[in-house]
Amino acid sequence: MTTILHVDGVKLAFGGVKALDGVTFDVPAGEIVGLIGPNGAGKTTLFDCISGYQRPDEGSITYDGNVELVGLPPHERVTHGIGRLFQQARMFPSVSIRDVLKTVQHRRMKAGLFRSVLGLARAEEREVTARADEALELVGLTAHADKPAMELSTGMLRLCELAAIVAVRPRLLLLDEPSSGIAQKETEALLPLLKRLRDHLDATVLVIEHDMPLVMGLADRIVAMAQGKVLTEGTPAVVQRHPDVLASYLGTRAAR
Ligand SMILES: Nc1ncnc2c1ncn2[C@@H]1O[C@H](COP(=O)(O)OP(=O)(O)O)[C@@H](O)[C@H]1O
Ligand SMILES: [Mg+2]
């Protein structure tokens, strides 16, 4: 099995707080890996390190065999095919969501001027529109394509944010709490949807999620963190039975 992401001994402290205290794990290509752990475990900080918004004090993060991500600026990660769930739709409240999805792609396309000089702009425009529509269809928002983001429910906005990732066709998706702020019924729909996105993009997914039924049903493999460290990892069935994981979720203090 190929490893697409290798996290090795990553440490990052904020003042006296060791947010990441030597995190090591592998993400196999094509899998959905769930990252769980109590509040403050360091999950989001780890995502920030992978996507370049924080730089680890120590350790390395290798992508696709030989690309060292530590020190690489965020936009270069995009060209390597790393996509992170952002609140794209919310940034353009009065623009139609189809146009949001087109804008997201244009901002990632290089050499736009040369393409227009060469007369490729129209072909590119068609491709960008097709990708936006395809992404909207995948997440089930086709009927709302012409509506501005501000007319959508929170759950629909989340779907639109997922579509924004799909439109740029990443190979590695980083999703931080996709179920946060949406209704239970919408959360249940996320499970088949995220699997569909993975299959459609032929991508790898690293997902932080606090909804245990969702993440346990979704993930091929779980990495459980606590206090800046990997507590345990393995299949959902195995990780769920780990005493420290049970302790974390019962609200008692995790061992060490
Ligand atoms: N930018 C920051 N400045 C200072 N402390 C931070 C910062 N980001 C996170 N932390 C601290 O690092 C620890 C891990 O936080 P975080 O990665 O957000 O955890 P999680 O996502 O697992 O809830 C927490 O103690 C948090 O307060
Ligand atoms: Mg977090």
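Ligand 1 is surrounded by residues with a heavy atom within 4 Å of it. They are Phe-14, Val-17, Ala-19, Pro-38, Asn-39, Gly-40, Ala-41, Gly-42, Lys-43, Thr-44, Thr-45 and Gln-54. The model is predicted, so local features need pLDDT of at least 70 and side-chain atom pairs count only at pLDDT 80 or more, while totals for chains, interfaces and linings use all residues. Residues are numbered from 1 along each chain as its sequence is written, chains are lettered from A and ligands numbered from 1 in the order in which they are written, and side-chain values use heavy atoms, with hydrogens and water left out.

A polar side-chain atom of Thr-45 lies 2.6 Å from an oxygen atom of ligand 1. For Thr-44, a polar side-chain atom lies 2.9 Å from an oxygen atom of the ligand. Ala-41 uses a backbone N or O atom, 3.1 Å from an oxygen atom of ligand 1.

Helices here are DSSP runs (H or I, at least four residues), numbered from the N terminus. Helix H4 (residues 97-106) packs against helix H6 (residues 121-139) at an angle of about 125°, with the axes 9 Å apart. Axes are lines fitted to C-alpha atoms over the stretch in contact, and angles run from 0 to 180 degrees between N-to-C directions. Contact means heavy atoms within 4.5 Å. On the H4 side, Ile-97, Arg-98, Leu-101, Lys-102, Gln-105 and His-106 take part. By class, the contact of H4 with H6 has six nonpolar, three polar and six charged residues.

H4 also packs against helix H7 (residues 154-167). Their axes come within 9 Å and cross at roughly 35°. Ile-97, Leu-101, Val-104 and Gln-105 in H4 meet Cys-160, Ala-163, Ala-164 and Ala-167 in H7. Seven of these residues are nonpolar, one is polar and none is charged.

H6 packs against helix H8 (residues 184-201) at about 145°, with axes 10 Å apart. Glu-134, Leu-138 and Val-139 of H6 touch Leu-193, Arg-196, Leu-197 and His-200 of H8.

Note on methods: Helices (H or I, at least four residues) and strands (E, at least two) are DSSP runs, numbered from the N terminus. Ala, Val, Leu, Ile, Met, Phe, Trp, Tyr, Cys and Pro count as nonpolar, Asp, Glu, Lys and Arg as charged, and the others, Gly among them, as polar. A polar contact is a pair of N or O atoms within 3.5 Å; within protein, one must be able to donate a hydrogen and the other to accept it, and residues adjacent in sequence count only if both atoms are side-chain atoms.
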